[in-house]
Amino acid sequence: MAFDGITIANVVKELRTALTGARIVKIAQPETDELLLTIKGAAGQYRLLISAGASLPLIYLTEKNKQAPMTAPGFCMLLRKHLQNGRIVNISQPGLERIVHVDVEHLNEMGDLCRKRLVVEIMGKHSNIIFCDDKDMIIDSIKHVSGFVSSVREVLPGKPYFVADTTHKKNPLVAEETDFVETLLGAPMPVFKALYTSYTGLSPLMAQELCARADMDGERPAAAYDREALCRLFQAWDDMRDAIREGAFAPCIAYTADKPVEFAAFPLKLYQGNGADSLKHFSSMSLLLEEYYEEKNAITRIRQKSSDLRRIVQTALERNVKKYDLQLAQMKDTEKRDTYRIYGELLNTYGYGAKEGAKSLEALNYYTNEMITIPLDSTLSAGENAKKYFEKYGKLKRTYEALTELTKEVREEIEHLRSVSAFLDIAVGEEDLAQIKEELTESGYIKKRGVGKKAKAAVSKPFHYISSDGYDIYVGKNNLQNDELTFKVASGADWWFHAKDCPGSHVIVKQKAGEEMPDTTFEEAARLAAYYSAGREQGKVEVDYIQKKHVKKPNGAKPGFVVYYTNYSMAIEADIRGIQERREK
């Protein structure tokens with residue numbers, strides 16, 4: 001699933017066909033590292049999404065709009081000044097590099113025709129969007145890279161733009177057969193690795209695909225093959241290279257068990273007869289990327305936006321765990337309290353037999369009928385020693401009683417924070433994060449802001465699924481929703497599910513009047529409870545289930561905390577494929 005040079009060649013072909021000659025009518029910067037260009041041409045309007053995010057750099061055409069900030073960032077304002085209403089004259093890719101050049105003509109302040117270039121580098125954490133003049137001097141970039149960050153290339157206004165050659169790879173588009181074979185023979189590594197480490201634009205996936213097309217085992221060392229086999233591999237590449245030059249792409253996604261495992265610009269022979277259930281073909285790479293990355297991109301953005309909340313939760317969790325460990329150690333120190341009480345009682349009973357200045361007293365413990373030795377302070381009388389032991393007993397008893405209550409509170413706090421951490425992983429939208437933030441504010445982990453007019457926030461709603469038998473299943477996204485579902489939405493006869501001894505969602509199945517719920521619905525609800533819990537990576541998860549009328553909330557309990565004393569349980573896999581989700585509008 002690599003955004004490699006071949007994928008970019010496919011995207012560039014689509015962009016060149018759709019956008020050459022069109023005008024840029026709107027420029028927005030929805031995220032700090034993302035641009036959305038609205039472009040109008042003879043064939044209609046397009047939106048070009050460009051992301052230089054370190055975790056998910058992308059470039060493709062989309063029909064979806066994104067909300068831009070009220071105040072445009074400086075880089076966006078600069079592009080609007082120079083490129084708005086400009087005409088795209090060319091879109092190209094140097095060699096098979098993961099780079100896209102968008103050349104734009106526009107009129108400057110004097111009315112003269114000028115040309116500028118937007119350079120999009122899709123290079124993982126080094127991805128960037130760089131704005132250059134017609135002499136390849138950097139005007140600005142969406143990310144600044146100083147000499148302190150990179151000793152190879154500075155990306156700063158006024159610096160010359162160039163592509164740093166740090167890997168010394170060859171251009172496969174101009175490779176000759178003899179040099180190709182010699183290059184692979186001289187690489188002491190598996191042949192597929194020799195391919196992608198020697199030539200630009202080839203990902204490990206496409207290197208393995210070329211080996212499969214040449215009927216070779218990509219894991220075998222290159223030196224283990226004769227020249228004839230390596231010439232066959234070159235022919236496989238030459239055929240693919242011709243398809244790239246002709247723009248004869250056929251983008252597709254390979255699925256296994258309904259899950260996408262890889263995507264590519266060409267059909268993947270590598271997965272035929274190798275466990276892939278199907279290949280889904282797309283009319284364009286942009287459509288493929290939008291479908292494939294939409295959910296992944298949303299999750300990545302939500303994780304970035306939740307980083308502050310995660311830090312607050314993690315800090316509080318670490319502090320409470322340390323406090324709990326310290327309290328347990330103090331509790332252990334109170335274990336001798338009953339021993340001191342017995343010493344005091346026995347000294348009151350047998351103290352008359354203690355000799356003056358004695359350091360111990362042998363006495364019969366009438367609780368166990370065994371002889372024990374009681375240590376004594378030789379400077380005190382037996383009665384004074386007894387009083388001293390009773391004082392120690394009283395102090396440790398008070399400490400034990402106080403710690404019993406404190407450890408209970410801290411343990412509940414730890415469980416609460418772990419549940420919040422689990423729900424941060426479940427969050428799929430900013431409204432979900434807003435409700436988690438509200439919970440943390442109510443719990444005192446985030447300071448309440450001063451009284452003022454609050455902006456109306458989007459309301460977070462529980463997940464809503466429909467079972468195979470047509471039953472409504474609701475899944476809480478956080479502790480506040482868990483309480484809402486269990487004690488306001490659910491009726492007494494509805495069924496309640498939750499992963500056993502594990503932070504997670506309350507799952508409610510709405511019972512149908514006069515019907516007995518089918519086993520299939522029980523299993524699907526349990527699978528949802530397992531999936532939306534902190535234990536879903538463990539394989540099978542034990543899930544408790546019971547009718548809601550048996551679930552109670554103790555007075556003063558933390559959000560989402562409930563008790564129940566009789567229940568059923570089942571061990572089930574955290575797999576929710578095939579369960580229909582109903583999207584609430």
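Among contacts in the protein between residues at least 6 apart in sequence, what percentage join residues at least 24 apart? Then, in what order do the strands of the open sheet of 7 strands stand?

Analyst: This is a predicted model, in which local features need pLDDT of at least 70 and side-chain atom pairs count only at pLDDT 80 or more, while totals for chains, interfaces and linings use all residues. Residues are numbered from 1 along each chain as its sequence is written, and side-chain values use heavy atoms, without hydrogens and water.

Of the contacts (heavy atoms within 4.5 Å) between residues at least 6 apart in sequence, 59% join residues at least 24 apart. The protein has 13 helices and 21 strands, taken as DSSP runs of H or I over at least four residues and of E over at least two, numbered from the N terminus.

The open sheet has the order 20-19-17-18-16-15-21, with antiparallel pairing (at least two DSSP bridges between two strands). Strand 20 (568-573) and strand 21 (580-581) stand at the edges with a single partner strand each, so one side of each has no neighbour in the sheet. Strand 17 (residues 495-499) and strand 19 (residues 540-547) run antiparallel and are joined by 5 bridges; Trp-495 stands opposite Gln-547 in strand 19.

Two helices lie across strands of this sheet. Helix 13 (residues 519-531) lies across several strands, including strand 15 (463-466) and strand 19, and runs at about 70 degrees to strand 20. Axes here are lines fitted to C-alpha atoms, for helices over the stretch in contact, with angles from 0 to 180 degrees between N-to-C directions.
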